[in-house]
Amino acid sequence: MRTREGVGVGESLLVRGGRVVALDEDGTGGVLDVRVRDGAIVEVGPGLAPDGEPVLDAAGGWVIPGLWDAHVHFTQYVRASTWVDVAGTAGPEEVCARLATAVAERPGDRAVVGFGYRSGPWSRVGTVAELDAVAAGRPLVVIAGDAHNGWLNSAALAAFGLPPRTGPLVENEWFAVFGRLDDLPGVSPTPEQEDAVVAELAARGLVGLVDLEFDAPFRAWPARVERGQRSLRVRAGVYPHQLDEVLAAGWRTGKALPGGDDLVAMGPLKIIADGSMGTRTAWCCRPYCDAAPGDPHPAGVANLSEEELRGLFARAEGAGLAVAAHAIGDRANQAVLDAFAVTGASGSVEHAQLLRHVDVPRFAGHGVTASMQPHHLVADRDPAGVLWADRTDRLYLARSILDGGGKLALGSDAPVSPPDPWLAIATAVHRSGDGRPGWHPEQSLTPREALAASVDGQRVVPGARGDLVVLGADPVAEDADPATTAARLRAMGVRATVCAGRVTHRES
(Lines give C-alpha, C1' and ligand atoms only; values in the text may rest on other atoms or scores of the structure.)
Protein backbone atom coordinates (compact mmCIF):
# COMPACT_ATOMS: atom_id res chain seq x y z
CA MET A 1 0.00 0.00 0.00
CA ARG A 2 1.56 3.30 -1.09
CA THR A 3 0.39 6.67 0.18
CA ARG A 4 1.44 10.25 -0.13
CA GLU A 5 2.52 12.27 2.85
CA GLY A 6 -0.41 13.58 4.87
CA VAL A 7 -3.06 10.93 4.16
CA GLY A 8 -5.37 10.61 7.15
CA VAL A 9 -5.03 14.21 8.27
CA GLY A 10 -7.72 15.89 6.21
CA GLU A 11 -11.14 14.89 4.88
CA SER A 12 -10.32 14.70 1.16
CA LEU A 13 -8.62 11.78 -0.53
CA LEU A 14 -8.18 10.07 -3.89
CA VAL A 15 -8.28 6.28 -3.75
CA ARG A 16 -6.60 5.14 -6.93
CA GLY A 17 -6.65 1.85 -8.81
CA GLY A 18 -9.11 -0.30 -6.88
CA ARG A 19 -11.72 -2.79 -8.10
CA VAL A 20 -15.06 -1.52 -6.85
CA VAL A 21 -17.27 -4.38 -5.67
CA ALA A 22 -20.87 -4.24 -6.89
CA LEU A 23 -23.22 -5.15 -4.06
CA ASP A 24 -26.52 -5.03 -5.96
CA GLU A 25 -25.60 -7.22 -8.91
CA ASP A 26 -23.17 -9.95 -9.88
CA GLY A 27 -19.64 -9.04 -10.79
CA THR A 28 -17.11 -6.41 -9.88
CA GLY A 29 -16.52 -3.13 -11.64
CA GLY A 30 -13.31 -2.45 -13.48
CA VAL A 31 -10.33 -0.68 -11.99
CA LEU A 32 -11.64 2.69 -10.82
CA ASP A 33 -10.58 5.69 -8.80
CA VAL A 34 -12.71 7.17 -6.02
CA ARG A 35 -12.47 10.81 -4.99
CA VAL A 36 -13.58 11.83 -1.51
CA ARG A 37 -13.98 15.51 -0.70
CA ASP A 38 -15.18 16.98 2.59
CA GLY A 39 -15.97 13.50 3.84
CA ALA A 40 -18.20 12.39 0.95
CA ILE A 41 -17.64 10.59 -2.35
CA VAL A 42 -17.79 13.14 -5.17
CA GLU A 43 -16.47 11.19 -8.15
CA VAL A 44 -15.95 7.58 -9.25
CA GLY A 45 -14.26 6.71 -12.54
CA PRO A 46 -11.10 5.57 -14.30
CA GLY A 47 -7.98 7.70 -14.45
CA LEU A 48 -9.02 10.52 -12.11
CA ALA A 49 -6.27 13.09 -11.78
CA PRO A 50 -5.23 14.27 -8.30
CA ASP A 51 -6.67 17.66 -7.42
CA GLY A 52 -4.49 18.61 -4.50
CA GLU A 53 -5.73 15.86 -2.20
CA PRO A 54 -3.61 13.00 -0.80
CA VAL A 55 -3.58 9.76 -2.82
CA LEU A 56 -4.11 6.25 -1.50
CA ASP A 57 -2.97 3.61 -3.99
CA ALA A 58 -5.35 0.65 -3.81
CA ALA A 59 -2.92 -1.31 -6.01
CA GLY A 60 -5.62 -3.51 -7.55
CA GLY A 61 -7.32 -4.33 -4.25
CA TRP A 62 -11.07 -4.71 -3.90
CA VAL A 63 -12.90 -1.57 -2.75
CA ILE A 64 -16.12 -1.74 -0.73
CA PRO A 65 -18.11 0.75 1.37
CA GLY A 66 -17.01 1.09 4.98
CA LEU A 67 -18.32 -1.66 7.26
CA TRP A 68 -20.71 -1.12 10.18
CA ASP A 69 -21.55 -3.13 13.27
CA ALA A 70 -25.26 -2.60 13.87
CA HIS A 71 -25.24 -3.61 17.55
CA VAL A 72 -22.36 -2.96 19.96
CA HIS A 73 -21.93 -2.25 23.66
CA PHE A 74 -18.70 -0.31 23.23
CA THR A 75 -17.66 0.36 26.82
CA GLN A 76 -18.43 -3.20 27.85
CA TYR A 77 -16.26 -4.47 25.01
CA VAL A 78 -13.39 -2.20 26.04
CA ARG A 79 -13.71 -3.46 29.61
CA ALA A 80 -13.79 -7.04 28.37
CA SER A 81 -10.08 -6.89 27.57
CA THR A 82 -9.46 -7.18 31.33
CA TRP A 83 -12.25 -9.64 32.16
CA VAL A 84 -11.70 -13.24 33.22
CA ASP A 85 -12.84 -15.72 30.58
CA VAL A 86 -15.36 -18.14 32.09
CA ALA A 87 -16.89 -19.29 28.80
CA GLY A 88 -17.45 -22.99 28.36
CA THR A 89 -17.66 -23.70 32.07
CA ALA A 90 -19.71 -26.73 33.12
CA GLY A 91 -21.05 -25.26 36.35
CA PRO A 92 -20.54 -22.78 39.20
CA GLU A 93 -17.62 -24.78 40.62
CA GLU A 94 -15.55 -24.34 37.46
CA VAL A 95 -16.36 -20.62 37.32
CA CYS A 96 -15.22 -20.18 40.91
CA ALA A 97 -12.00 -22.08 40.21
CA ARG A 98 -11.11 -19.76 37.34
CA LEU A 99 -11.95 -16.70 39.42
CA ALA A 100 -9.84 -17.94 42.32
CA THR A 101 -6.84 -18.18 39.99
CA ALA A 102 -7.49 -14.67 38.68
CA VAL A 103 -7.85 -13.21 42.19
CA ALA A 104 -4.53 -14.75 43.19
CA GLU A 105 -2.84 -13.34 40.07
CA ARG A 106 -4.32 -9.85 40.57
CA PRO A 107 -3.55 -8.73 44.12
CA GLY A 108 -5.12 -5.57 45.50
CA ASP A 109 -8.63 -4.27 45.92
CA ARG A 110 -9.60 -3.80 42.28
CA ALA A 111 -12.81 -5.55 41.31
CA VAL A 112 -12.51 -8.76 39.33
CA VAL A 113 -15.03 -9.29 36.52
CA GLY A 114 -15.65 -12.58 34.73
CA PHE A 115 -17.57 -13.00 31.50
CA GLY A 116 -18.96 -15.74 29.32
CA TYR A 117 -20.70 -18.43 31.39
CA ARG A 118 -24.00 -19.80 30.11
CA SER A 119 -26.04 -21.37 32.88
CA GLY A 120 -28.81 -22.81 30.70
CA PRO A 121 -27.28 -26.31 30.57
CA TRP A 122 -26.14 -26.24 34.23
CA SER A 123 -27.91 -28.35 36.83
CA ARG A 124 -28.05 -25.31 39.14
CA VAL A 125 -27.15 -21.62 39.24
CA GLY A 126 -24.32 -20.25 41.34
CA THR A 127 -24.75 -18.66 44.75
CA VAL A 128 -23.45 -15.49 46.34
CA ALA A 129 -21.87 -17.61 49.09
CA GLU A 130 -19.72 -19.44 46.53
CA LEU A 131 -18.29 -16.17 45.24
CA ASP A 132 -17.79 -14.93 48.80
CA ALA A 133 -15.64 -17.99 49.40
CA VAL A 134 -13.43 -16.95 46.48
CA ALA A 135 -12.98 -13.36 47.70
CA ALA A 136 -15.03 -12.21 50.68
CA GLY A 137 -14.03 -8.55 50.81
CA ARG A 138 -13.19 -7.85 47.17
CA PRO A 139 -15.93 -7.17 44.59
CA LEU A 140 -16.51 -10.02 42.15
CA VAL A 141 -18.95 -9.77 39.25
CA VAL A 142 -19.55 -12.60 36.79
CA ILE A 143 -21.51 -11.75 33.64
CA ALA A 144 -23.38 -14.31 31.56
CA GLY A 145 -22.20 -14.80 27.99
CA ASP A 146 -25.47 -13.35 26.67
CA ALA A 147 -25.21 -10.47 29.19
CA HIS A 148 -28.70 -11.11 30.56
CA ASN A 149 -27.75 -11.94 34.12
CA GLY A 150 -24.99 -11.13 36.57
CA TRP A 151 -23.69 -13.12 39.51
CA LEU A 152 -22.20 -10.93 42.28
CA ASN A 153 -20.54 -11.57 45.60
CA SER A 154 -21.55 -9.72 48.77
CA ALA A 155 -18.86 -7.05 48.38
CA ALA A 156 -20.10 -6.21 44.86
CA LEU A 157 -23.74 -6.15 46.00
CA ALA A 158 -22.80 -3.74 48.80
CA ALA A 159 -20.83 -1.53 46.39
CA PHE A 160 -24.00 -1.11 44.31
CA GLY A 161 -26.14 -0.47 47.40
CA LEU A 162 -28.08 -3.71 46.90
CA PRO A 163 -29.46 -5.82 49.77
CA PRO A 164 -28.09 -9.31 50.45
CA ARG A 165 -29.38 -12.10 48.24
CA THR A 166 -28.57 -15.71 47.49
CA GLY A 167 -28.40 -15.92 43.68
CA PRO A 168 -27.72 -13.99 40.48
CA LEU A 169 -29.46 -10.84 39.26
CA VAL A 170 -31.58 -11.37 36.16
CA GLU A 171 -32.93 -9.14 33.36
CA ASN A 172 -34.16 -5.66 34.42
CA GLU A 173 -32.71 -5.98 37.91
CA TRP A 174 -29.33 -6.86 36.39
CA PHE A 175 -29.41 -4.23 33.63
CA ALA A 176 -29.72 -1.49 36.27
CA VAL A 177 -26.39 -2.72 37.66
CA PHE A 178 -24.70 -3.49 34.33
CA GLY A 179 -24.67 0.20 33.42
CA ARG A 180 -22.95 1.05 36.71
CA LEU A 181 -19.89 -1.19 36.56
CA ASP A 182 -17.68 1.89 36.67
CA ASP A 183 -18.79 2.30 40.29
CA LEU A 184 -16.44 -0.56 41.14
CA PRO A 185 -12.73 0.13 41.74
CA GLY A 186 -10.50 -0.37 38.71
CA VAL A 187 -13.27 -1.18 36.21
CA SER A 188 -13.55 2.10 34.32
CA PRO A 189 -11.65 1.90 30.99
CA THR A 190 -8.94 4.44 30.18
CA PRO A 191 -8.89 6.63 27.05
CA GLU A 192 -5.87 4.63 25.89
CA GLN A 193 -7.85 1.38 26.13
CA GLU A 194 -10.73 2.95 24.20
CA ASP A 195 -8.39 4.18 21.47
CA ALA A 196 -6.80 0.74 21.18
CA VAL A 197 -10.21 -0.80 20.58
CA VAL A 198 -11.10 1.82 17.97
CA ALA A 199 -7.84 1.01 16.16
CA GLU A 200 -8.72 -2.69 16.35
CA LEU A 201 -12.11 -2.01 14.79
CA ALA A 202 -10.60 0.09 11.98
CA ALA A 203 -8.16 -2.72 11.22
CA ARG A 204 -11.18 -4.94 10.54
CA GLY A 205 -12.66 -2.41 8.11
CA LEU A 206 -15.21 -0.90 10.49
CA VAL A 207 -16.07 2.75 10.00
CA GLY A 208 -19.21 2.90 12.11
CA LEU A 209 -21.30 1.28 14.79
CA VAL A 210 -24.60 1.56 16.58
CA ASP A 211 -23.64 1.82 20.25
CA LEU A 212 -26.35 0.47 22.52
CA GLU A 213 -24.28 0.80 25.67
CA PHE A 214 -26.32 1.00 28.87
CA ASP A 215 -24.72 4.17 30.22
CA ALA A 216 -25.50 7.19 28.01
CA PRO A 217 -23.35 6.70 24.88
CA PHE A 218 -24.98 9.87 23.53
CA ARG A 219 -22.84 11.71 26.10
CA ALA A 220 -19.74 9.54 25.92
CA TRP A 221 -19.09 9.70 22.18
CA PRO A 222 -19.11 13.49 21.72
CA ALA A 223 -16.63 13.62 24.62
CA ARG A 224 -14.42 11.08 22.84
CA VAL A 225 -14.51 13.09 19.62
CA GLU A 226 -13.68 16.28 21.48
CA ARG A 227 -10.57 14.64 22.93
CA GLY A 228 -9.48 13.64 19.42
CA GLN A 229 -11.07 10.27 18.59
CA ARG A 230 -12.19 10.70 14.99
CA SER A 231 -11.92 7.22 13.46
CA LEU A 232 -15.53 6.04 13.77
CA ARG A 233 -19.01 7.17 12.95
CA VAL A 234 -21.44 6.34 15.74
CA ARG A 235 -25.18 6.31 16.27
CA ALA A 236 -25.59 6.45 20.03
CA GLY A 237 -28.63 4.81 21.60
CA VAL A 238 -30.72 5.70 24.61
CA TYR A 239 -32.67 3.57 27.09
CA PRO A 240 -36.05 4.41 28.64
CA HIS A 241 -34.50 5.53 31.93
CA GLN A 242 -32.49 8.22 30.04
CA LEU A 243 -35.22 9.17 27.60
CA ASP A 244 -36.31 12.36 29.34
CA GLU A 245 -32.80 13.81 29.00
CA VAL A 246 -32.71 13.14 25.26
CA LEU A 247 -36.20 14.49 24.65
CA ALA A 248 -35.50 17.63 26.68
CA ALA A 249 -32.43 18.26 24.51
CA GLY A 250 -34.51 17.85 21.36
CA TRP A 251 -32.26 15.16 19.89
CA ARG A 252 -33.73 12.99 17.15
CA THR A 253 -32.49 9.80 15.53
CA GLY A 254 -30.01 10.57 12.76
CA LYS A 255 -29.31 14.14 13.87
CA ALA A 256 -25.75 15.13 14.74
CA LEU A 257 -25.04 15.43 18.45
CA PRO A 258 -23.33 18.58 19.77
CA GLY A 259 -19.58 18.09 20.02
CA GLY A 260 -19.62 15.05 17.76
CA ASP A 261 -18.21 16.84 14.71
CA ASP A 262 -20.75 15.20 12.39
CA LEU A 263 -19.35 11.79 13.32
CA VAL A 264 -21.78 11.13 16.18
CA ALA A 265 -25.52 11.11 15.68
CA MET A 266 -28.44 10.33 17.93
CA GLY A 267 -29.38 6.69 17.61
CA PRO A 268 -32.49 4.70 18.54
CA LEU A 269 -34.43 4.14 21.74
CA LYS A 270 -33.40 0.67 22.93
CA ILE A 271 -36.24 -1.35 24.42
CA ILE A 272 -35.68 -4.84 25.85
CA ALA A 273 -38.83 -6.89 25.40
CA ASP A 274 -37.60 -10.21 26.80
CA GLY A 275 -34.51 -12.08 27.94
CA SER A 276 -32.35 -14.76 26.35
CA MET A 277 -32.54 -18.42 25.51
CA GLY A 278 -29.55 -19.31 27.68
CA THR A 279 -31.17 -17.96 30.82
CA ARG A 280 -34.59 -19.36 29.83
CA THR A 281 -36.02 -15.83 29.89
CA ALA A 282 -36.68 -15.46 26.15
CA TRP A 283 -40.47 -15.09 25.82
CA CYS A 284 -41.90 -17.90 23.71
CA CYS A 285 -45.27 -19.01 22.44
CA ARG A 286 -44.90 -22.41 24.07
CA PRO A 287 -42.81 -23.85 26.90
CA TYR A 288 -39.15 -24.73 26.67
CA CYS A 289 -38.62 -28.38 25.85
CA ASP A 290 -36.98 -29.10 29.20
CA ALA A 291 -39.33 -27.00 31.33
CA ALA A 292 -39.68 -28.59 34.76
CA PRO A 293 -43.09 -29.29 36.28
CA GLY A 294 -44.14 -26.34 38.40
CA ASP A 295 -41.83 -23.89 36.61
CA PRO A 296 -43.58 -20.50 37.05
CA HIS A 297 -42.30 -19.31 33.65
CA PRO A 298 -42.06 -22.39 31.42
CA ALA A 299 -42.17 -20.27 28.24
CA GLY A 300 -39.87 -17.47 29.42
CA VAL A 301 -40.91 -14.02 30.52
CA ALA A 302 -41.77 -10.62 29.11
CA ASN A 303 -39.73 -7.74 30.49
CA LEU A 304 -42.54 -5.33 29.62
CA SER A 305 -46.26 -5.76 29.15
CA GLU A 306 -47.60 -5.27 25.65
CA GLU A 307 -49.25 -2.07 26.83
CA GLU A 308 -45.92 -0.79 28.15
CA LEU A 309 -44.20 -1.76 24.91
CA ARG A 310 -46.68 0.14 22.80
CA GLY A 311 -46.49 3.14 25.09
CA LEU A 312 -42.74 3.38 24.66
CA PHE A 313 -42.98 2.86 20.90
CA ALA A 314 -45.56 5.61 20.63
CA ARG A 315 -43.46 7.96 22.71
CA ALA A 316 -40.44 7.32 20.51
CA GLU A 317 -42.41 7.80 17.31
CA GLY A 318 -43.85 11.07 18.55
CA ALA A 319 -40.39 12.35 19.45
CA GLY A 320 -38.64 11.43 16.20
CA LEU A 321 -36.70 8.51 17.64
CA ALA A 322 -36.36 5.16 15.92
CA VAL A 323 -36.82 2.07 18.10
CA ALA A 324 -34.30 -0.75 18.51
CA ALA A 325 -36.36 -3.47 20.18
CA HIS A 326 -34.61 -6.49 21.64
CA ALA A 327 -36.67 -9.62 20.98
CA ILE A 328 -35.37 -13.20 21.21
CA GLY A 329 -38.37 -15.48 21.68
CA ASP A 330 -41.11 -15.86 19.08
CA ARG A 331 -43.75 -14.39 21.40
CA ALA A 332 -41.54 -11.37 22.06
CA ASN A 333 -40.97 -10.88 18.33
CA GLN A 334 -44.70 -11.08 17.71
CA ALA A 335 -45.38 -8.47 20.40
CA VAL A 336 -42.67 -6.13 19.09
CA LEU A 337 -43.89 -6.37 15.51
CA ASP A 338 -47.42 -5.69 16.79
CA ALA A 339 -46.11 -2.55 18.49
CA PHE A 340 -44.45 -1.36 15.28
CA ALA A 341 -47.71 -1.97 13.41
CA VAL A 342 -49.97 -0.22 15.91
CA THR A 343 -47.78 2.83 16.53
CA GLY A 344 -46.21 3.35 13.10
CA ALA A 345 -42.79 3.60 14.74
CA SER A 346 -39.68 3.01 12.64
CA GLY A 347 -36.62 1.04 13.57
CA SER A 348 -35.32 -2.47 14.07
CA VAL A 349 -35.86 -5.72 15.86
CA GLU A 350 -32.58 -6.50 17.57
CA HIS A 351 -31.72 -10.22 17.30
CA ALA A 352 -35.05 -11.41 15.79
CA GLN A 353 -33.77 -14.80 16.87
CA LEU A 354 -36.80 -17.10 17.01
CA LEU A 355 -39.69 -16.22 14.69
CA ARG A 356 -43.07 -17.59 13.80
CA HIS A 357 -43.15 -18.14 10.05
CA VAL A 358 -46.25 -15.91 9.80
CA ASP A 359 -44.24 -13.01 11.25
CA VAL A 360 -41.45 -13.11 8.66
CA PRO A 361 -43.33 -11.05 6.00
CA ARG A 362 -44.14 -8.39 8.61
CA PHE A 363 -40.56 -7.08 8.57
CA ALA A 364 -40.99 -5.92 4.99
CA GLY A 365 -44.62 -5.02 5.54
CA HIS A 366 -43.85 -2.65 8.43
CA GLY A 367 -40.50 -1.44 7.06
CA VAL A 368 -38.68 -2.87 10.09
CA THR A 369 -35.03 -3.92 9.91
CA ALA A 370 -33.98 -7.30 11.26
CA SER A 371 -30.77 -6.48 13.12
CA MET A 372 -29.12 -9.88 13.48
CA GLN A 373 -25.87 -11.15 14.98
CA PRO A 374 -25.08 -14.29 12.96
CA HIS A 375 -22.22 -15.47 15.13
CA HIS A 376 -24.61 -15.93 18.06
CA LEU A 377 -25.83 -19.13 16.43
CA VAL A 378 -22.43 -20.73 17.07
CA ALA A 379 -22.98 -20.55 20.84
CA ASP A 380 -26.72 -21.19 20.57
CA ARG A 381 -26.60 -24.25 18.33
CA ASP A 382 -26.13 -26.94 20.96
CA PRO A 383 -28.25 -25.41 23.77
CA ALA A 384 -31.07 -24.79 21.28
CA GLY A 385 -31.01 -28.50 20.46
CA VAL A 386 -32.10 -29.08 24.06
CA LEU A 387 -34.10 -26.01 25.07
CA TRP A 388 -35.82 -25.42 21.72
CA ALA A 389 -35.39 -28.80 20.03
CA ASP A 390 -38.86 -28.55 18.48
CA ARG A 391 -38.24 -25.17 16.82
CA THR A 392 -34.64 -24.91 15.62
CA ASP A 393 -35.87 -24.51 12.04
CA ARG A 394 -37.21 -21.06 13.04
CA LEU A 395 -33.94 -19.61 14.39
CA TYR A 396 -32.00 -16.89 12.57
CA LEU A 397 -34.24 -16.77 9.49
CA ALA A 398 -31.98 -14.43 7.51
CA ARG A 399 -32.73 -15.97 4.11
CA SER A 400 -36.48 -15.98 4.70
CA ILE A 401 -36.48 -12.32 5.75
CA LEU A 402 -34.40 -11.27 2.76
CA ASP A 403 -36.47 -13.30 0.31
CA GLY A 404 -39.59 -11.74 1.82
CA GLY A 405 -38.35 -8.25 0.95
CA GLY A 406 -37.12 -7.42 4.44
CA LYS A 407 -33.96 -5.52 5.30
CA LEU A 408 -31.08 -7.06 7.24
CA ALA A 409 -28.36 -5.35 9.27
CA LEU A 410 -25.58 -7.52 10.67
CA GLY A 411 -23.63 -6.95 13.87
CA SER A 412 -22.01 -8.60 16.86
CA ASP A 413 -23.64 -7.49 20.14
CA ALA A 414 -20.05 -7.15 21.40
CA PRO A 415 -18.85 -8.26 23.87
CA VAL A 416 -21.25 -11.22 23.41
CA SER A 417 -19.50 -11.89 20.09
CA PRO A 418 -16.34 -10.21 18.79
CA PRO A 419 -16.97 -7.01 16.79
CA ASP A 420 -15.48 -8.59 13.68
CA PRO A 421 -17.65 -8.00 10.59
CA TRP A 422 -15.87 -10.78 8.69
CA LEU A 423 -16.76 -13.28 11.40
CA ALA A 424 -20.40 -12.21 11.18
CA ILE A 425 -20.39 -12.34 7.36
CA ALA A 426 -18.71 -15.76 7.33
CA THR A 427 -21.21 -17.17 9.82
CA ALA A 428 -24.15 -15.79 7.85
CA VAL A 429 -22.78 -17.62 4.81
CA HIS A 430 -21.90 -20.96 6.42
CA ARG A 431 -24.02 -21.02 9.63
CA SER A 432 -21.35 -22.95 11.48
CA GLY A 433 -18.38 -22.14 13.66
CA ASP A 434 -16.72 -25.55 13.81
CA GLY A 435 -16.21 -28.55 11.60
CA ARG A 436 -19.89 -29.40 11.41
CA PRO A 437 -21.99 -28.62 8.34
CA GLY A 438 -24.09 -25.48 8.38
CA TRP A 439 -27.00 -25.43 10.80
CA HIS A 440 -30.20 -25.18 8.75
CA PRO A 441 -28.21 -24.13 5.67
CA GLU A 442 -31.42 -23.21 3.85
CA GLN A 443 -31.20 -19.92 5.78
CA SER A 444 -27.67 -19.08 4.55
CA LEU A 445 -26.82 -15.86 2.75
CA THR A 446 -24.44 -15.41 -0.14
CA PRO A 447 -21.25 -13.44 0.57
CA ARG A 448 -22.61 -10.55 -1.48
CA GLU A 449 -25.86 -10.47 0.48
CA ALA A 450 -24.08 -10.67 3.83
CA LEU A 451 -21.67 -7.91 2.81
CA ALA A 452 -24.55 -5.71 1.63
CA ALA A 453 -26.14 -6.16 5.07
CA SER A 454 -22.92 -4.90 6.70
CA VAL A 455 -22.39 -1.48 5.07
CA ASP A 456 -25.27 0.56 6.51
CA GLY A 457 -26.93 0.87 3.12
CA GLN A 458 -23.97 2.60 1.48
CA ARG A 459 -22.49 2.06 -1.99
CA VAL A 460 -19.35 3.34 -3.70
CA VAL A 461 -21.13 6.04 -5.69
CA PRO A 462 -21.06 9.84 -5.77
CA GLY A 463 -23.04 11.32 -2.90
CA ALA A 464 -22.33 8.44 -0.53
CA ARG A 465 -20.29 8.83 2.63
CA GLY A 466 -16.56 8.98 2.15
CA ASP A 467 -16.09 5.67 3.93
CA LEU A 468 -14.16 2.95 2.07
CA VAL A 469 -12.29 -0.27 2.71
CA VAL A 470 -9.56 -1.69 0.48
CA LEU A 471 -9.29 -5.49 0.65
CA GLY A 472 -6.65 -7.94 -0.45
CA ALA A 473 -9.12 -10.51 -1.83
CA ASP A 474 -12.50 -10.63 -3.52
CA PRO A 475 -15.10 -10.58 -0.71
CA VAL A 476 -17.97 -11.90 -2.83
CA ALA A 477 -16.24 -14.91 -4.39
CA GLU A 478 -17.94 -18.23 -3.66
CA ASP A 479 -16.57 -21.76 -3.54
CA ALA A 480 -18.57 -24.93 -4.01
CA ASP A 481 -17.96 -25.70 -0.33
CA PRO A 482 -19.44 -23.00 1.93
CA ALA A 483 -16.92 -23.92 4.65
CA THR A 484 -14.10 -22.88 2.31
CA THR A 485 -15.87 -19.62 1.50
CA ALA A 486 -16.38 -18.92 5.20
CA ALA A 487 -12.73 -19.65 6.02
CA ARG A 488 -11.60 -17.17 3.37
CA LEU A 489 -13.99 -14.52 4.67
CA ARG A 490 -12.78 -14.96 8.25
CA ALA A 491 -9.20 -14.47 7.05
CA MET A 492 -10.02 -11.43 4.90
CA GLY A 493 -7.10 -9.02 4.78
CA VAL A 494 -7.94 -5.33 5.19
CA ARG A 495 -5.34 -3.21 3.42
CA ALA A 496 -6.80 0.16 4.34
CA THR A 497 -9.85 1.71 5.99
CA VAL A 498 -11.09 5.22 5.24
CA CYS A 499 -13.64 7.03 7.42
CA ALA A 500 -14.94 10.42 6.29
CA GLY A 501 -11.94 10.79 3.97
CA ARG A 502 -9.38 9.98 6.68
CA VAL A 503 -7.23 6.85 6.52
CA THR A 504 -7.90 5.22 9.89
CA HIS A 505 -6.04 1.99 9.16
CA ARG A 506 -3.30 1.11 6.71
CA GLU A 507 -1.65 -2.27 6.31
CA SER A 508 1.98 -2.08 7.37
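These are my notebook entries on a predicted model of one protein chain.

**Entry 1: the whole chain**

I began with the overall dimensions. The chain has 508 residues and a radius of gyration of 23 Å, which agrees with the value near 23 Å for a compact globule of that length. I then took the spans along the principal axes. The C-alpha trace covers about 70 × 55 × 50 Å.

Next I counted the secondary structure. I found 16 helices and 22 strands.

I looked up burial for the chain as a whole. Of the 508 residues, 57% count as buried. The accessible surface comes to about 18,800 Å². Carbon and sulfur atoms hold 52% of that surface.

I also checked how far apart in sequence the contacting residues lie. I took contacts between residues at least 6 apart in sequence, and 72% of them join residues at least 24 apart.

The chain carries 47 positive and 64 negative charges. Their mean positions are 2 Å apart.

**Entry 2: helix H14 and its ends**

I moved to H14, residues 421–430. How many of its ten residues are buried? I counted ten of ten, so the helix is mostly covered by the under-20% cut-off for relative accessible area. Pro421, Trp422, Leu423, Ala424 and Ile425 are among the buried residues.

What caps the N-terminal end of H14? I found Asp420 there. One of its side-chain oxygens lies 3.0 Å from the backbone nitrogen of Trp422.

I then read the other end. Just after H14, Arg431 takes a positive phi of about 60°.

I stepped back to the loop between strand S19 (407–410) and H14, where Pro415 sits. A cis peptide bond joins Ala414 and Pro415. Omega there is about 15°.

I went on to the loop between H14 and H15, which holds His440. Phi of His440 is near 50°, a positive value in a residue other than glycine.

Asp456 was next, in the loop between H15 and S20. Asp456 is not a glycine, yet its phi is positive, about 55°. Is Asp456 buried, partly exposed or exposed? Its relative accessible area is 24%, so I noted Asp456 as partly exposed.

**Entry 3: Asp467**

I stayed in the loop between helix H15 (447–452) and strand S20 (468–471), where Asp467 is placed. I wanted to know why Asp467 counts as buried.

I looked for a polar partner. A polar atom of the Asp467 side chain lies 2.7 Å from the backbone nitrogen of Ala500.

I then listed contacts, leaving aside neighbours within four places in sequence. Asp467 is in contact with Ile64, Pro65, Gly66, Val207 and Arg233, among others. The list also includes Val498, Cys499 and Ala500.

**Entry 4: Cys284**

I found Cys284 in the loop between strand S15 (264–272) and helix H9 (306–319). Cys284 counts as buried, because its relative accessibility is 4%.

Which residues does Cys284 touch, not counting those up to four places away in sequence? I listed Ala299, Gly329, Asp330, Arg331, Leu354, Trp388 and Arg391. I followed up Leu354. Cys284 and Leu354 are 70 residues apart in sequence, and their C-alpha atoms are 8.5 Å apart.

Glu93 is in helix H2 (residues 92–105). Its side chain makes a polar contact with the side chain of Arg124, at 2.9 Å. I also checked Glu93 against Glu130, which is 37 residues away along the chain. The C-alpha atoms of Glu93 and Glu130 are separated by 8.2 Å.

Ser400 is in helix H13 (residues 398–403). Ser400 counts as partly exposed, since its relative accessibility is 24%. Leaving aside neighbours within four places in sequence, I found Ser400 in contact with Val360 and Gln443. Ser400 and Val429 are 29 residues apart in sequence and 14 Å apart in space, C-alpha to C-alpha.

Notes. Residues numbered from 1 in each chain as written. Predicted model: local features only at pLDDT ≥ 70, side-chain atom pairs only at ≥ 80, totals over all residues. Heavy atoms only, no water. Helix = DSSP H or I, 4+ residues; strand = E, 2+ residues; numbered from the N terminus. Buried < 20%, exposed > 50% of the residue type's maximum accessible area, 1.4 Å probe, protein only. Polar contact = N/O pair within 3.5 Å; in protein donor to acceptor, adjacent residues only side chain to side chain. Contact = heavy atoms within 4.5 Å. Rg over C-alpha atoms; globule rule 2.2 N^0.38 Å. Areas by Shrake-Rupley, 256 points an atom, 1.4 Å probe, with all protein chains shown as cover. Lys, Arg positive; Asp, Glu negative; His and termini not counted. Charge placed at Lys NZ, Arg CZ, Asp CG, Glu CD.
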